[in-house]
Amino acid sequence: MLAVVVAVLGIVNTLVLSVVERTRELGLLRAVGATRSQIRTLVRRESVLMSLLGAVTGIALGTVSGVALSRALLDQGVTRLAVPAGTLTLYLVIAALVGILAAVGPARRASRVDILRAVTTE
């Protein structure tokens, strides 16, 4: 559970920094006609993609490591390998939900970027 909390904080931190660093880009998108709703959707989708990428990478690395460890422990009597596909799928769904929830604050902040100030920012 602690790893999940750390992951959520990492996603929120990354999104906040992304919004702050991309102020000019977000302002230009608003200047050329993007609505606040579109900007919020953009940030939310980015968050979901980032959290799913992290979850898929973690699941893949964990599964490969588990398989390698079980093969290495054949001499010690580990003869059975079980990959909990249902649990891993649940983790992917939870990662997508966490991505959506983590994006609420940064998406709101991104949609409220002042267009004129953002365009003049370097």
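Tutor: Ala, Val, Leu, Ile, Met, Phe, Trp, Tyr, Cys and Pro count as nonpolar, Asp, Glu, Lys and Arg as charged, and the others, Gly among them, as polar. Please keep in mind that this is a predicted model.

Student: How do the residues of the lining of the largest pocket divide into nonpolar, polar and charged?

Tutor: The lining of the largest pocket has 14 nonpolar residues, 3 polar ones and no charged ones. About 420 Å³ of space lies in this pocket, and of its 17 lining residues the closest to the centre are V4, A7, A55, Y91 and A95. Val, Ala and Tyr are among the residue types that count as nonpolar, so these five belong to that class. The largest share of the lining, 6 residues, comes from α3.

Student: Why is α1 called roughly parallel to α5?

Tutor: Helices α1 and α5 pack at an angle of about 10°, with their axes 9 Å apart. Angles under 35 degrees count as roughly parallel, and therefore α1 is roughly parallel to α5. In this contact α1 supplies V12, L15, V16, V19 and V20, while α5 supplies P106, R109 and A110.

Student: What makes α4 oblique to α5?

Tutor: Here the angle is about 40°, and the axes of α4 and α5 lie 5 Å apart. Since roughly parallel requires an angle under 35 degrees and roughly perpendicular one of 65 to 115, α4 is oblique to α5. The contact joins I100, L101 and A102 of α4 with V104, G105 and P106 of α5.

Definitions and conventions. Residues are numbered from 1 along each chain as its sequence is written. This is a predicted model: local features need pLDDT of at least 70, side-chain atom pairs count only at pLDDT 80 or more; totals for chains, interfaces and linings use all residues. Side-chain values use heavy atoms; hydrogens and water are left out. On a 1 Å grid over the protein atoms alone, a cavity is a set of points where a 1.4 Å probe fits but cannot get out, and a pocket is an open set with protein on both sides within 12 Å along at least five of seven lines; lining residues have an atom within 4 Å of a point. Grid points are joined across faces, edges and corners, and a volume is the space filled by probe spheres set on the points. Helices (H or I, at least four residues) and strands (E, at least two) are DSSP runs, numbered from the N terminus. Axes are lines fitted to C-alpha atoms, for helices over the stretch in contact, and angles run from 0 to 180 degrees between N-to-C directions. Angles under 35 degrees count as roughly parallel, over 145 as roughly antiparallel, 65 to 115 as roughly perpendicular and the rest as oblique. Contact means heavy atoms within 4.5 Å.
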